[in-house]
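Okay, thanks for coming, everyone.

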Amino acid sequence: MQYAIVEGQRREAFSGGKGVCPTCAANTIAKCGPRVLHHWAHSRIRNCDPWWENETPWHRQWKNLFPEDSREINHVASDGEVHRADVKTPTGIVLEIQHSSMTDEERISREQFYGNLIWVIDGSRFRDRFDIFHPLPDPSSELAKDLVWYKATRQMQGAANGLFWRRSENPESARELVQIHSIHEIKNDVQLAYRGHHQYDWIRPHRTWLDAKCPVYIDFGSDKLVRMEIYDESNLPCIRLVSRKQFAHDVMTETLASAVGTNFYPIHTHG
Ligand SMILES: [Zn+2]
């Protein structure tokens with residue numbers, strides 16, 4: 001844990017420090033060795049919250065993006081069940097910052113417990129199994145409504161580069177005879193309707209994140225976070241890139257987890 005209560009105050013771990021756990025009120029001791037992330041540990045029981053993961057520097061870096069009074073916040077259900085959320089903002093959005101893999105049961109129980117929840121997943125261990133392919137137009141754009149994309153995969157170079165057919169050219173009855181187009185024919189139109197969506201392929205995916213009911217963002221260590229989405233009624237899976245800066249801003253200002261990262265701020269180029 002990053003915080004314990006010392007003489008009535010939330011404090012970070014300091015050498016020789018003793019405090020009490022803000023969740024269960026048991027005694028905690030500061031762990032401040034030269035090769036460990038400075039943290040608090042319970043002196044007797046291993047941990048009071050079965051959902052709590054051992055913190056990594058990645059966890060700590062994420063928590064530190066948010067104000068101190070939004071980190072490690074107890075969330076109490078109406079039946080009295082208590083868990084410590086990694087981040088809970090003043091607007092009521094909870095972030096679970098997840099490094100380890102998780103079963104469907106665990107994921108579902110946390111989604112039900114927190115409700116207004118966003119998952120932030122450490123993607124460093126599967127980055128080489130995750131390909132991001134061509135841009136897609138905003139699914140609500142007029143352009144997108146006419147296009148049906150072929151699922152991009154690592155093995156199918158053509159589809160990975162962007163192949164589609166047009167509904168307008170292919171009436172319902174004749175879809176097996178479709179004319180296939182390349183994204184290069186409509187490059188500028190796609191660029192104009194671009195809001196961060198892309199095709200992707202995740203080799204051997206962690207299925208529970210594809211089935212999640214709450215928004216899932218994967219952190220691959222770059223400036224853009226990767227949000228898992230379904231593109232349109234064709235059920236094409238896609239991702240949407242959301243800048244880390246926008247994410248951190250939206251989480252503090254939006255009240256609904258689903259509204260985070262939905263405004264698009266295009267990069268204006270001049271000249
Ligand atoms: Zn405790």
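Let's start with Glu72: buried or exposed? Glu72 counts as buried, because it has 22 C-beta neighbours inside 10 Å. On the cut-offs, a residue is buried if 20 or more other C-beta atoms lie within 10 Å of its own, exposed if 12 or fewer, and partly exposed in between, with C-beta atoms placed from the backbone. Before I go on, this is a predicted model: local features need pLDDT of at least 70 and side-chain atom pairs count only at pLDDT 80 or more, while totals for chains, interfaces and linings use all residues. Residues are numbered from 1 along each chain as its sequence is written.

Back to Glu72, which sits in strand 6, residues 71–76. Helices (H or I, at least four residues) and strands (E, at least two) are DSSP runs, numbered from the N terminus. Glu72 isn't a glycine, and yet its phi is positive, about 50°. Most residues other than glycine have a negative phi. Asn235 also has a positive phi, near 65°, and is not a glycine either. Asn235 lies in the loop between strand 16 and strand 17, and with 8 C-beta neighbours inside 10 Å it counts as exposed.

Which residues of helix 7 are buried? They are Phe247, Asp250 and Val251. Looking down the axis of helix 7, these buried residues fall within an arc of 100°, so they line one face of the helix. The arc here is that of the directions from the helix axis to the C-beta atoms. On the face turned away from that buried side you'll find Lys245 and Thr253, both exposed. And what covers the buried residues? The cover includes strand 8 (94–98), strand 15 (216–219), strand 16 (224–230) and strand 17 (237–243).

Strand 12, residues 163–166, is joined to strand 13 by two bridges, and Leu163 has Ser182 as its bridge partner in strand 13.

Finally, the whole chain. We've got seven helices and 17 strands, and buried residues make up 28% of the 271 residues. The C-alpha trace spans about 75 × 45 × 35 Å along its principal axes.

Terms used:
Two residues are in contact if their C-beta atoms, placed from the backbone, lie within 7 Å. Two strands pair if DSSP finds at least two bridges between them.
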